[in-house]
Amino acid sequence: MTPRQLAAALGFALLAAPASAERQAAAFEPLPGYPLDFTRFLEGGDIEGGVVVEDMEESGEREVVFGASDGMVHLLSADGEERRDGLWPRHLPAPIVGRVTTAKLDESGEVRILAGCLDGKIYCMSREGDLLWARSTGS
């Protein structure tokens, strides 16, 4: 990951590095909507497992995905606004206390969202929030 990509993932725009000895220290400027106050998206749950930054729609703009202990999976746009259309935020039947992750799992090539819940299942969702499958972990 380049410094520019890392800065964008963290919600900053990498400015041109100053000439001279300060060249090694990168200057950062906050992007609109960042840094995020995640508590404004939570209605009774906590973020236990961190967040994932992913270009869900392969549009060149990264979204933020995270799960909460109230069973909600949240999807935030690149400008830091929560997606509230269709099935978002997506409610799952049990608390999410681990990290939600993303991956391309099948021949569709689309990025999927995976969340493990305290009910012993892993849930797979589309970027639209559709529940594609649930599998028991045997625990």
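Predicted model: local features only at pLDDT ≥ 70, side-chain atom pairs only at ≥ 80, totals over all residues.
1. Residue numbers start from 1 along each chain as its sequence is written, and side-chain values use heavy atoms, with hydrogens and water left out.

2. On secondary structure, the protein has 1 helix and 10 strands (DSSP runs numbered from the N terminus: H or I of at least four residues for helices, E of at least two for strands). From the N terminus, the order reads α-β-β-β-β-β-β-β-β-β-β.

3. Surface and contacts next. Among contacts (heavy atoms within 4.5 Å) with a separation of 6 or more, 36% are between residues 24 or more positions apart.

4. Then there's the open sheet: 4 strands in the order S7-S8-S9-S10, with antiparallel pairing (strands pair if DSSP finds at least two bridges between them). S7 and strand S10 (131-136) are the edges, each pairing on one side only. From one strand to the next, the twist averages 25° (axes are lines fitted to C-alpha atoms, and angles run from 0 to 180 degrees between N-to-C directions).

5. Within that sheet, have a look at strand S8 (residues 111-116) and strand S9 (residues 121-125), which are antiparallel and joined by 4 bridges. Gly116 sits opposite Ile122 in S9.

6. Thr102 belongs to strand S7 (residues 101-104) and counts as buried because its relative accessible area is 13%. Leaving aside neighbours within four places in sequence, Thr102 is in contact with Val52, Glu54, Met56, Val111, Arg112 and Ile113. With Glu54 there is also a side chain to side chain polar contact from Thr102, at 2.9 Å (a pair of N or O atoms within 3.5 Å; within protein, one must be able to donate a hydrogen and the other to accept it, and residues adjacent in sequence count only if both atoms are side-chain atoms).

7. Finally, Gly60, in the loop between strand S3 (51-54) and strand S4 (63-67). Gly60 is exposed, with a relative accessible area of 64%. Its C-alpha atom is separated by 9.6 Å from that of Ala78, 18 residues apart along the chain.

Notes
Buried < 20%, exposed > 50% of the residue type's maximum accessible area, 1.4 Å probe, protein only.
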